[in-house]
Amino acid sequence: MRFAGERQVFHVYAVWDGWAFDHSGWHPESQLLAVNTEFEGRPLERVKITVSLAEFCEEHHSRMPNQYWRDPLPRAREYVSRYIPPWA
C-alpha cells in the first residue's frame, strides 16, 4: 500500500481470497486498509504487484533475499507458520 497519489510503497502484504497477511498475521484486507488509513490520517491505495520480485525490489528500494545475512526463507517460513489461516 502507499499514500494515495504517491509512488513509494510503504507496506507490503500478501492477499489470499480477501484475507491479507502481514507482520500482524491474517486480517480481512478491507480491515487492514481501513485501520492503516485511520492510523495514517490520509487516504491510502492498494497497489497490486505486477512485476517480478527483482523488479519490485529495485523500484521500491527493497533488498532481494540474497542480500540478507544468511538465507531469510527458513526464518520467513517459520514466522508464517505461527499464524493459522482463517479458513483452516
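Ala, Val, Leu, Ile, Met, Phe, Trp, Tyr, Cys and Pro count as nonpolar, Asp, Glu, Lys and Arg as charged, and the others, Gly among them, as polar. The legends below describe a predicted model, in which local features need pLDDT of at least 70 and side-chain atom pairs count only at pLDDT 80 or more, while totals for chains, interfaces and linings use all residues. Residues are numbered from 1 along each chain as its sequence is written, and side-chain values use heavy atoms, with hydrogens and water left out.

**Figure 1. Overall fold of the protein.** The protein contains three helices and five strands; helices (H or I, at least four residues) and strands (E, at least two) are DSSP runs, numbered from the N terminus. In order from the N terminus, the elements run β-β-β-β-α-β-α-α. The C-alpha trace spans about 35 × 35 × 20 Å along its principal axes.

Figure 2. Rolling a probe the size of a water molecule over the atoms shows where empty space is left. On a 1 Å grid over the protein atoms alone, a pocket is an open set of points where a 1.4 Å probe fits, with protein on both sides within 12 Å along at least five of seven lines; lining residues have an atom within 4 Å of a point. A volume is the space filled by probe spheres set on the points, with grid points joined across faces, edges and corners. The largest pocket holds about 820 Å³ of space. Its lining has 21 residues, of which Val12, Leu53, Pro65, Tyr68 and Ala76 are the closest to the centre. By class, this lining comprises 16 nonpolar, two polar and three charged residues.

**Figure 3. Elements around the largest pocket.** Strand E3 (19–22), helix H2 (53–59) and helix H3 (72–81) each supply at least two residues of the lining. Helix H3 gives the most, with six residues.

**Figure 4. The second largest pocket.** This pocket has a volume of about 220 Å³. Among the residues that line it are Met1, His11, Val12, Glu29, Arg46, Lys48 and Phe56. The lining divides into eight nonpolar, one polar and three charged residues.

Figure 5. His60 lies in the loop between H2 and H3. His60 counts as buried because its relative accessibility is 10%, where buried means under 20% relative accessible area, exposed over 50% and partly exposed in between (1.4 Å probe, protein chains only). Leaving aside neighbours within four places in sequence, His60 is in contact (heavy atoms within 4.5 Å) with Arg7, Gln8 and Val9.
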